[in-house]
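Grab a pencil and work through these exercises on the fold and one of its pockets. Each task comes with a solution you can check step by step.

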Amino acid sequence: DVIRFDAGKTPGTTQMVTVSVSAQGGGVQGRGNVAIPVQSPELHLYRQLPLLGVTLEESVMRVNVQRTRSFTVRAVPFFAPPREQTISWTTNNEALPTAQDPYALVVKTPDASVSQTFNALLAIPSIFSQPSASVTIETN
């Protein structure tokens with residue numbers, strides 16, 4: 001099973017999690033503790049393929065694609081509270097329109113050899129830091 005919890009807001013601290021397992025008839029069968037360090041939020045960008053989905057093996061910073069193709073980049077936040085976050089995309093210091101899925105950026109490459117950088121910013125109101133990531137897409 002997956003257990004999700006909101007840790008403290010101070011990176012560098014530790015959150016102690018205790019898990020107890022009970023039998024159906026009652027009584028504790030087992031108990032364990034684990035200390036989970038609180039991390040600063042991070043934002044990573046990954047390539048999203050039509051049939052394979054998000055390729056989480058390696059985050060992307062530079063991608064070469066052929067002209068007149070579309071390319072999807074997915075922003076994946078780590079160590080961030082899921083209910084409070086918003087994401088925004090920019091290129092050339094201009095905001096891009098919000099898509100139906102704000103974590104996915106579909107880039108339609110032009111019919112020319114160009115290099116364009118896209119920036120993603122993760123805003124979390126309850127946390128001071130705002131992690132960001134960028135990817136440069138070069139068409140050839």
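**Exercise 1.** Work out how many helices and strands the protein chain has.

*Solution.* Start with the counts: this predicted model has zero helices and 11 strands in its protein chain. Next, walk along from the N terminus, and the order of elements reads β-β-β-β-β-β-β-β-β-β-β.

**Exercise 2.** Find what share of the protein chain's residues count as buried, and how much area the chain exposes.

*Solution.* First take burial, with under 20% relative accessible area as the cut-off: 27% of the chain's 140 residues qualify as buried. Last, look at contacts with a separation of 6 or more: 61% of them join residues 24 or more positions apart.

**Exercise 3.** Describe the second largest pocket: which strands supply its lining, and what classes of residue are found there?

*Solution.* Begin with the space itself, about 250 Å³ in the second largest pocket. Then assign strands. β7 (86-91), β9 (104-108) and β10 (115-123) each give at least two lining residues, with β9 providing the largest share, five residues. Finally, sort the lining by class: you get 12 nonpolar residues, three polar and one charged.

Methods: Residues numbered from 1 in each chain as written. Predicted model: local features only at pLDDT ≥ 70, side-chain atom pairs only at ≥ 80, totals over all residues. Heavy atoms only, no water. 1 Å grid on protein atoms, 1.4 Å probe; cavity = no way out; pocket = protein on both sides within 12 Å on 5 of 7 lines; lining within 4 Å. Points joined across faces, edges and corners; volume = space filled by probe spheres on them. Helix = DSSP H or I, 4+ residues; strand = E, 2+ residues; numbered from the N terminus. Nonpolar A, V, L, I, M, F, W, Y, C, P; charged D, E, K, R; others polar. Buried < 20%, exposed > 50% of the residue type's maximum accessible area, 1.4 Å probe, protein only. Contact = heavy atoms within 4.5 Å. Areas by Shrake-Rupley, 256 points an atom, 1.4 Å probe, with all protein chains shown as cover.
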